[in-house]
Amino acid sequence: MLVVGFGSGPLQANCYLLAAAAGGPCVVVDPGQEVAAPLAAALAEHRLVPAALLATHGHPDHVASAAALSADHGVPLHLHPADAELYDGDSVPLEPGEFAGLAVDVRHVPGHTPGSVVLGLATPEGGRLALTGDTLFAGSVGRGDVAEALRDLLAAFPDDETVVLPGHGPATTIGRERAGNPFLAGTGACG
């Protein structure tokens, strides 16, 4: 599986490209502010064509470029309906399904926004990815009051086999967050 990520815009929100392999269709997750140039470079480098745009939530730093990308590539933005009012363009409801040949699970985790979601994917190599948007970061959470909701989310993903790709900052693993994220202490989510 090919995973390409980069930060963009004033808040350095992470945008991710996911594909079964180079030279084919891909999923673009969180096409936020100022992604046009780095996204075009990554698409060209890996010979990818966007087949779907997915958003972990509707804040501008995660969806600001979606309307232009949607028009350029003829693909809609998939966004949880509870965040539709946060987005100025057209979107379709984000539901679990197959995008660019990748099976994507969608877990609704309201808190950061009413429509915040975590996207889960199994990799052919046997691991899992959790694209957590602004819900879970390396060593932090998007809002303190979502820590309890994260307990169920963390239970759904294997510790060391699940790489967390957050909306900002570096990647981590579920196991690392379960063991050492101070915001999850006392929720039963930490070992």
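Trainee: Leaving aside neighbours within four places in sequence, which residues is L48 in contact with?
Mentor: This is a predicted model, where local features need pLDDT of at least 70 and side-chain atom pairs pLDDT 80 or more, while totals for chains, interfaces and linings use all residues. Residues are numbered from 1 along each chain as its sequence is written, and side-chain values use heavy atoms, without hydrogens and water. With contact meaning heavy atoms within 4.5 Å, L48 touches L2, L17, A19, A21, A22, G23, G24, P25, C26 and L43.

Trainee: Which residues touch the most other members of the largest nonpolar core?
Mentor: A nonpolar core joins buried Ala, Val, Leu, Ile, Met, Phe, Trp, Tyr and Cys residues through side-chain atoms within 4.5 Å; buried is under 20% relative accessible area, exposed over 50%, partly exposed in between (1.4 Å probe, protein chains only). Of the 22 residues here, those touching the most others are L17, C26, V28, L39, L48 and L77.

Trainee: What is the strand order in the open sheet?
Mentor: Strands (E, at least two residues) and helices (H or I, at least four) are DSSP runs numbered from the N terminus, and two strands pair if DSSP finds at least two bridges between them. The edge strands, each pairing on one side only, are strand 1 (2–8) and strand 6 (91–93). With mixed pairing, the order is 1-2-3-4-5-6.

Trainee: Which residue in strand 2 does F6 stand opposite?
Mentor: Strand 1 and strand 2 (residues 13–19) pair in the antiparallel sense over 7 bridges. Opposite F6 stands C15.
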